[in-house]
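Colleague: Please take a close look at one part of this predicted model. I want the packing of its helices, with cut-offs.

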Amino acid sequence: MPGGRPRSYDPELALNAAMLTFWTQGYEGTAMSHLTAAMGMSAPSIYAAFGDKETLFRTVVERYMAGPGAYMQAALDQPTAEALARTFLHSAVEAVTGDRTPHGCLIVQGALAVSPRSASVREYLTRLREDGVKSLADRLRSFSGADGLPPGSDLSALARLLVTVVQGLAVQAASGVPRETLHTIADQMVTCWPRRAD
């Protein structure tokens, strides 16, 4: 005898729809009615498959970071500090101005302004952003010689500078600033990147 009833939804499509909904409307701006319409599932089915709204949001954030938001890893894989900065900035521009995705960044804009009842979501995204700063600083610390930065550079500050610029690029993208303009800003930032004199 066959097992239970087959699923009547595609988990990948459902999660992608949820990701795009949260990305467009933010955590608090997304109601269960928005999710049911986007995912093609009833509220009880969403709860049964993915948990409550916050659990679903955390799941789609992980999906985002492994997909559209995966540009951090590309930067960390670069062979020099300057290449890391250039790749991080320009890859971020491409990610926040996607042709088939909302403009902006889910991690930056998902829960910047929320009520106290959603504080745990805001704190979750804050931790993710701080993890990004640490990952960049650790990678910058691994470079040396011609691949690295001038002696005495504040690596934590430089990592936070990169993240701050990327967050600004995301906000600009969500406000409608064209991709080409954002790439020009990224180029300007790379021009200002500290370089060793030797």
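Modeller: Start with helix α6 (residues 81-96) and helix α8 (residues 119-142): their axes come within 9 Å and cross at roughly 150°. Axes are lines fitted to C-alpha atoms, for helices over the stretch in contact, and angles run from 0 to 180 degrees between N-to-C directions. Helices are DSSP runs of H or I, at least four residues, numbered from the N terminus. The crossing makes α6 roughly antiparallel to α8 (an angle over 145 degrees). A81, L84 and F88 of α6 meet L136, R139 and L140 of α8 in this contact (heavy atoms within 4.5 Å). Those residues divide into 5 nonpolar, no polar and 1 charged. Nonpolar covers Ala, Val, Leu, Ile, Met, Phe, Trp, Tyr, Cys and Pro; charged covers Asp, Glu, Lys and Arg; the others, Gly among them, are polar.

The model is predicted: local features need pLDDT of at least 70, side-chain atom pairs count only at pLDDT 80 or more, and totals for chains, interfaces and linings use all residues. Residues are numbered from 1 along each chain as its sequence is written, and side-chain values use heavy atoms, with hydrogens and water left out.

α8 also meets helix α4 (residues 53-66). The buried residues of α4 are L56, F57, V60, V61 and Y64 (under 20% relative accessible area, 1.4 Å probe, protein chains only). They fall within an arc of 140° seen down the axis, so they line one face of α4. The arc is that of the directions from the helix axis to the C-beta atoms. These buried residues pack against α1 (11-25), α2 (32-39), α3 (43-50), α7 (106-109) and α8. The face turned away carries E62 and A66, both exposed (over 50%).

Technical notes:
Helix = DSSP H or I, 4+ residues; strand = E, 2+ residues; numbered from the N terminus. Parallel < 35°, antiparallel > 145°, perpendicular 65-115°, else oblique. Expected span 1.5 Å × (residues − 1).
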